[in-house]
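Open the model in your viewer and keep the selection tool at hand. The stops below say what to select and what is there.

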Amino acid sequence: MSKLSEYYEQIKDCKRCHLYSGRINLVFGEVNENADLMFVGEAPGYHEDQQGRPFVGAAGKTLNELLAEIGLKREDVYITNIIKSRPPNNRDPLPEEIEACKPYLMEQIKIIKPKIIATLGAHATKTMLNKNVSISKVHGQSFKGNGFTIIPIFHTAAALYRRQTLELLKDDFKKLKELLKEDPIPEIPKEDEREQGQQGSLF
Ligand code: URA
């Protein structure tokens, strides 16, 4: 059994927060345990909860299409969320739910060791950067994590009804493609080149 599968077995009946009582499945993540690129979304929705897989609804279809545009398939990347159980009526995750689930995300990152983590939307971005940033301002920028680069991008659900957001996502996916070619992880920018907020990464 792979390390990630073993880890999933350990946590699949998690009751660290009250969300366990309303879920059908804990949505752990998939697919590639050796991925260079990892996506971190917000929380499972209805379809994800039903199937126990992340990003399988409309937002997932957009994610698959954006991946295809840069020559990637879901099997090439790893996709997960900051919280693993569906919040009621798809409401925003609460701070205590994010806190309760954070160790799981950290352990997944430790096992996968991605080069790049793309955070989808405001909640995942704020959680990973440990900062109250605006996704509209920081999307497409690189932030230094502990052994990886964090790139905030818009949530693919936000692109479902806004053509402009979809175009911004397409541009940011092109950046992801370029960054994936870089090896090793990009140099830490010099102090005076850093944007405010580039130092506060959680991991
Ligand atoms: N939105 C998310 O943030 N995550 C999913 O898994 C599905 C939709």
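Buried means under 20% relative accessible area, exposed means over 50%, and partly exposed lies in between (1.4 Å probe, protein chains only). This is a predicted model, in which local features need pLDDT of at least 70, side-chain atom pairs count only at pLDDT 80 or more, and totals for chains, interfaces and linings use all residues. Residues are numbered from 1 along each chain as its sequence is written, and side-chain values use heavy atoms, with hydrogens and water left out.

Select glutamine 108 to begin. Glutamine 108 counts as buried because its relative accessibility is 0%. Its place is in helix 4, residues 95–112 (a helix is a DSSP run of H or I, at least four residues, numbered from the N terminus).

The backbone oxygen of phenylalanine 28 is 2.9 Å from the side chain of glutamine 108. With the side chain of threonine 80, the side chain of glutamine 108 makes a polar contact at 3.5 Å (a pair of N or O atoms within 3.5 Å; within protein, one must be able to donate a hydrogen and the other to accept it, and residues adjacent in sequence count only if both atoms are side-chain atoms).

Next, select the ligand. Which residues surround the ligand? They are Gly41, Glu42, Ala43, Glu48, Pro54, Phe55, Asn81 and His155 (each with a heavy atom within 4 Å of the ligand).

Last, look at the side chain of histidine 155, where an N or O atom is 2.8 Å from an oxygen atom of the ligand. In the side chain of asparagine 81, an N or O atom lies 2.8 Å from a nitrogen atom of the ligand.

Notes
Helices (H or I, at least four residues) and strands (E, at least two) are DSSP runs, numbered from the N terminus.
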